[in-house]
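Open the model in your viewer and keep the selection tool at hand. The tour below goes from one selection to the next.

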Amino acid sequence: MELESVLHFLKGKTFLFTGATGFIAKIFVEKVLRVQPEVKRLYILVRAPNSYLATKRLHNEVIRKDLFGVLRDKWGADFGCFISEKLIAVAGDVSVENLGIKEEILKQEMFEEIDIVVHTAANTNFNERANLHGWPKTYSFTKAMTEKLLANIKDCLPVIIIRPTAILSTCSEPFPGWIEGVRNPFKLSNLQDIMYSYFSKNPWVNEDGKPVAIDKKIAYLSSIAEFVNCMEKRHVVPKDQVPGQSHRDININNYGEIERVMRMAELFQPYTFFQGIFHDKNAEELRMMAKSIADMDNGFNFNSKDMNWMDYMMNVHIPGLLKHSNKSVRNLAKL
């Protein structure tokens with residue numbers, strides 16, 4: 001593997017970005033422009049019917065964000081000219097053939113010039129069909145399908161797949177704590193309070209026609225086994241039931257509603273009872289290979305072991321969440 005300076009590699013390159021109005025791509029675009037102003041050009045694919053509206057979306061949803069404040073201060077009065085020279089908004093759609101690009105001349109220029117494609121666009125329309133194929137959810141299922149497809153058709157084209165475990169606010173660049181996309185949040189504690197309030201005012205009526213008093217808030221369970229355990233204690237399932245056994249094997253004596261709840265618990269297990277462990281083995285191997293590159297520790301360090309989670313959450317993420325999110329988020333801090 002030939003190793004070279006990241007800045008040298010970026011110099012004179014032409015990129016195509018998809019999903020640039022999303023959180024991840026915005027950060028990538030800003031980083032490239034900030035660290036290597038001699039990048040040739042960045043084509044930004046934006047879902048829009050024409051180039052005018054694509055350009056408008058690019059400026060409103062990307063360039064005017066606080067994220068670009070450092071870059072804006074760096075270039076001062078020349079910022080607009082710099083952006084116009086480096087960024088080209090392209091009207092299109094990743095779900096359409098040839099990315100939905102209608103302008104033939106532009107399409108040909110892109111195909112001839114582009115060195116690197118950064119694809120971050122996605123359709124997050126979730127459903128549970130993946131269960132039929134042994135996958136916990138459609139999101140991970142379609143990602144795996146895409147990776148296999150790329151492996152089969154890439155030929156000699158270099159491909160890098162980056163799969164973040166979780167997306168949080170920026171740690172340090174271009175400044176700590178920038179985040180977006182948190183709109184009108186709903187906390188688990190809100191759900192507890194609302195359910196307690198509702199059933200206190202509108203108590204459930206048992207088979208004898210008597211209201212059942214609610215003496216405490218709902219508790220969250222960590223596994224299917226704990227759920228079955230809870231049902232056992234309430235005499236809903238037999239005490240000899242093995243925790244974790246399929247709901248189809250449980251004799252619940254015609255408790256149809258409980259069976260439905262248990263079926264839902266199994267269905268949503270990947271989202272609520274997930275117990276996987278994520279690792280960054282491949283990223284760490286890449287980091288070790290790139291240690292000899294001069295600028296890796298200066299602006300391109302991605303050593304997860306350097307992360308002080310307590311400091312990050314207390315002094316970066318939570319303050320950033322309150323600063324850069326909307327008013328409803330800030331109001332939560334007052335509760």
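Is R287 buried or exposed? Select R287 in this predicted model; its place is in helix α12, residues 281–289. R287 counts as buried, because its relative accessibility is 16% and the cut-off for buried is under 20%. Leaving aside residues up to four places away in sequence, R287 touches F302 and N303.

**The sheet**

Next, select the strands β1 to β4. They form an open sheet of four strands in the order β3-β2-β1-β4, with parallel pairing. β3 (87–92) and β4 (116–119) stand at the edges; each has a single partner strand, so one side of each is left without a neighbour in the sheet. On average, neighbouring strands of this sheet are turned by 20° against each other, direction ignored.

Now keep β3 and β2 (residues 41–47) on screen. These two strands pair in the parallel sense over six bridges.

α6 lies across β1 (14–18), β2 and β3, and runs at about 130° to β2.

Which residues of α3 are buried? Select A54, L58, V62 and I63 to see them. They cover an arc of only 90° around the axis, which means that they are on the same side of α3. To see what covers these buried residues, show α2 (23–35), β2, α4 (69–75), α5 (79–86) and β3, which are included in that cover.

**A loop residue**

For the last stop, select E180, in the loop between α7 (138–153) and α8 (188–201). E180 has a relative accessible area of 17% and is therefore buried. What does the side chain of E180 make a polar contact with? Show the side chain of K26: the polar contact between the two side chains is at 2.6 Å. K26 is also one of the residues that E180 touches, along with T21, G22, F23 and K65, not counting residues up to four places away in sequence.

Conventions: Residues are numbered from 1 along each chain as its sequence is written. This is a predicted model: local features need pLDDT of at least 70, side-chain atom pairs count only at pLDDT 80 or more; totals for chains, interfaces and linings use all residues. Side-chain values use heavy atoms; hydrogens and water are left out. Two strands pair if DSSP finds at least two bridges between them. Axes are lines fitted to C-alpha atoms, for helices over the stretch in contact, and angles run from 0 to 180 degrees between N-to-C directions. Contact means heavy atoms within 4.5 Å. Buried means under 20% relative accessible area, exposed over 50%, partly exposed in between (1.4 Å probe, protein chains only). A polar contact is a pair of N or O atoms within 3.5 Å; within protein, one must be able to donate a hydrogen and the other to accept it, and residues adjacent in sequence count only if both atoms are side-chain atoms. The arc is that of the directions from the helix axis to the C-beta atoms.
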